[in-house]
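Reader: I'd like to walk through this model with you, one question at a time. Could you show me the sequence and structure to start with?

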Amino acid sequence: MDLRRDVFQAIADPTRRAILLLVATQSMTAGAIASQFDSKRPTISKHLLILTECDLLQREPIGREMYYHLNPNKMKEIAHFIEPFRKLWDDRFNKLESVMKQYKPKA
């Protein structure tokens, strides 16, 4: 049975989001990534595997090392999916702000 990982389940985990932020600016090895966390290396390797299976990270061999870097195309897909919700959230927060401005606490 071939399991397909869901990208939104992958980014729901705070450690995986932190990994994405780490590699957003520069490619890193698994060891370099793992050194940034208190978790054991096998745990970080599992997170890297999930992110790679979801195509959020890409692996690139350079010499004997395997470097992980962000897949900007996949991140762009996520951003396009979320964009309509962002407008909805902004509208709701603006309405809440206008209601809160009318609220006067009792002295």
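Reader: Which helix gives the most to the nonpolar patch?

Author: Before that, a word on the ground rules: this is a predicted model, where local features need pLDDT of at least 70, side-chain atom pairs count only at pLDDT 80 or more, and totals for chains, interfaces and linings use all residues. Residues are numbered from 1 along each chain as its sequence is written, and side-chain values use heavy atoms, with hydrogens and water left out. Helices here are DSSP runs (H or I, at least four residues), as are strands (E, at least two), numbered from the N terminus. With seven residues, the top contributor is helix H5, residues 72-102.

Reader: How many Å² does that nonpolar surface patch cover, and which residues make it?

Author: To join a patch, a residue needs over 30% relative accessible area and no salt bridge; like charges are joined within 9 Å, and nonpolar side chains (Val, Leu, Ile, Met, Phe, Trp, Tyr) within 5 Å. The areas come from the Shrake-Rupley method with a 1.4 Å probe, and for residues only the protein chains shown count as cover. The members are Phe 8, Phe 81, Phe 85, Leu 88, Trp 89, Phe 93, Leu 96, Met 100 and Tyr 103, and the patch comes to about 960 Å².

Reader: Take Leu 96: what does it count as by relative accessibility?

Author: Leu 96 is found in helix H5. The scale runs like this: buried means under 20% relative accessible area, exposed over 50%, and partly exposed in between (1.4 Å probe, protein chains only). Since its relative accessibility is 43%, Leu 96 counts as partly exposed.

Reader: How many aromatic pairs does the structure hold, and why does the pair of Phe 8 and Phe 81 count as tilted?

Author: Rings of Phe, Tyr and Trp (its six-membered ring) pair if their centres lie within 6.5 Å; planes under 30 degrees apart count as stacked, over 60 as edge-to-face, and the rest as tilted. The structure holds three such pairs. For Phe 8 and Phe 81, the ring centres are 5.2 Å apart and the planes sit at 50°, so this pair is tilted.

Reader: Which parts does that pair tie together?

Author: Phe 8, at 33% relative accessibility, is partly exposed, and Phe 81 is partly exposed with 47%. The two parts are 73 residues apart in sequence, because Phe 8 lies in helix H1 (residues 7-12) and Phe 81 in helix H5. So the pair ties together H1 and H5.

Reader: On to helix H2: why do its buried residues line one face?

Author: The buried residues of H2 (residues 14-25) are Arg 16, Ile 19, Leu 20 and Val 23. Exposed on the other side of H2 are Pro 14, Leu 21 and Thr 25. The arc is that of the directions from the helix axis to the C-beta atoms. Seen down the axis of H2, the buried residues line one face because they fall within an arc of 100°.

Reader: How many salt bridges turn up in the whole structure, and what is the N to O value for Arg 86 and Glu 83?

Author: A salt bridge is a side-chain nitrogen of Lys or Arg within 4 Å of a carboxyl oxygen of Asp or Glu, and the search finds four. Arg 86 and Glu 83 both lie in helix H5, three residues apart, about one turn of the helix. Arg 86 is partly exposed at 39%. Their side chains meet in a salt bridge with an N to O value of 2.8 Å.

Reader: And what is the N to O value for Lys 87 and Asp 91?

Author: Lys 87 and Asp 91 are also both in helix H5, four residues apart. Lys 87 is exposed at 52%, whereas Asp 91 is partly exposed at 34%. Their salt bridge comes in, N to O, at 3.2 Å.
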